[in-house]
Amino acid sequence: MTHLAKPMTAAERIFQAVLFEMGAVSLSVWIIKLSDHAVISGVVVSVIISVIAMVWNVVFNYGFDQVFVGERLNRTIVVRTLQVCLFESGLLLFTVPVVAIGLSLSFWQALVMDIGLSLAIMVYAFIFHWLYDYIRFTIHRKKA
């Protein structure tokens, strides 16, 4: 692709994070509901995790973009997989206590549940970011 990389603005990073989290909260609530926890507990835990994840998303992806420069659409599957794995691994450090307290689970139960949620979100994140980058590229190409 010949289109030059256009850096994301702070406003676009926030938009991307909010859009991503709307889908992630929906997916998380559905998964928590499958584990026989009350829907309200799932919503509360998912929203708290979402707020944490939004902040982490903006900070992490800014740093990731500083390391992996160039057109985001040209990122390989390996780079995209690395991005998702590093992001979710870092997020676990912040969210396991939230899951434990919010769902009245032991640390180990919360870790297992949070890893399960993270695996589902990793697949979602991989697809979301690839589609977001493609749509973003298409919009910027049409403006150029």
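Predicted model: local features only at pLDDT ≥ 70, side-chain atom pairs only at ≥ 80, totals over all residues.
Colleague: How much space lies in the largest cavity, and which residues lie nearest its centre?

Modeller: A volume is best read together with its lining. The largest cavity holds about 160 Å³ of space. Its lining has 17 residues, and S28, I49, E88, L91 and I121 lie nearest the centre.

Colleague: What is the make-up of the lining of the largest cavity by class?

Modeller: The classes are nonpolar, polar and charged. In the lining of the largest cavity, nine residues are nonpolar, five are polar and three are charged.

Colleague: How much space lies in the second largest cavity, and what lines it?

Modeller: About 70 Å³ of space lies in the second largest cavity. The residues lining it are F20, N57, F60, N61, Q83, V84, F87, E88, A125 and H129. Two or more of the lining residues come from each of α2, α3 and α4. With four residues, α3 has the largest share of this lining. By class, the lining of the second largest cavity has five nonpolar residues, four polar and one charged.

Colleague: And the open side of the matter: how much space lies in the largest pocket, and which residues lie nearest its centre?

Modeller: A pocket is open, whereas a probe in a cavity cannot get out. The largest pocket has about 190 Å³ of space. It is lined by 14 residues, with K6, P7, M8, R13 and D65 nearest its centre. The element that gives the most to this lining is α2, with three residues. The lining of the largest pocket divides into six nonpolar, two polar and six charged residues.

Colleague: Staying with α2, how does its reach from first C-alpha to last stand against the expected value?

Modeller: The check is to set the end-to-end reach beside the reach expected from the residue count. Helix α2 has 29 residues and reaches 39 Å from its first C-alpha to its last, close to the 42 Å expected at 1.5 Å a residue.

Colleague: Which residues have the most contacts inside the largest nonpolar core?

Modeller: A core is read by its members and by the elements they come from. The largest nonpolar core has 13 residues, and V45, V99, L103, L105, A110 and M113 have the most contacts inside it. Two or more residues of this core come from each of α2, α3 and α4. The most, five residues, come from α3. Setting aside neighbours within four places in sequence, V45 is in contact with I32, V98, V99, G102 and L103. There is also a second, separate core of nine residues, with A24, V84, A125 and F128 among them.

Colleague: Take S118 in helix α4. Is S118 buried or exposed?

Modeller: The relative accessible area decides. S118 is buried because its relative accessible area is 7%, and the cut-off for buried is under 20%. Apart from neighbours within four places in sequence, S118 is in contact with E88 and L92.

Colleague: What about backbone angles: what is phi at D36 and at S104?

Modeller: One looks for positive phi in residues other than glycine, then asks where they sit. Phi of D36 is near 70 degrees, and D36 is not a glycine. D36 is in the loop between α1 and α2. S104, also not a glycine, has a positive phi of about 55 degrees. S104 lies in the loop between α3 and α4.

Colleague: Why do D36 and S104 count as exposed?

Modeller: Exposed means over 50% relative accessible area. D36 counts as exposed because its value is 72%, and S104 because its value is 67%.

Methods: Residues numbered from 1 in each chain as written. Heavy atoms only, no water. 1 Å grid on protein atoms, 1.4 Å probe; cavity = no way out; pocket = protein on both sides within 12 Å on 5 of 7 lines; lining within 4 Å. Points joined across faces, edges and corners; volume = space filled by probe spheres on them. Expected span 1.5 Å × (residues − 1). Core = buried A, V, L, I, M, F, W, Y, C linked by side-chain atoms within 4.5 Å. Buried < 20%, exposed > 50% of the residue type's maximum accessible area, 1.4 Å probe, protein only. Contact = heavy atoms within 4.5 Å.
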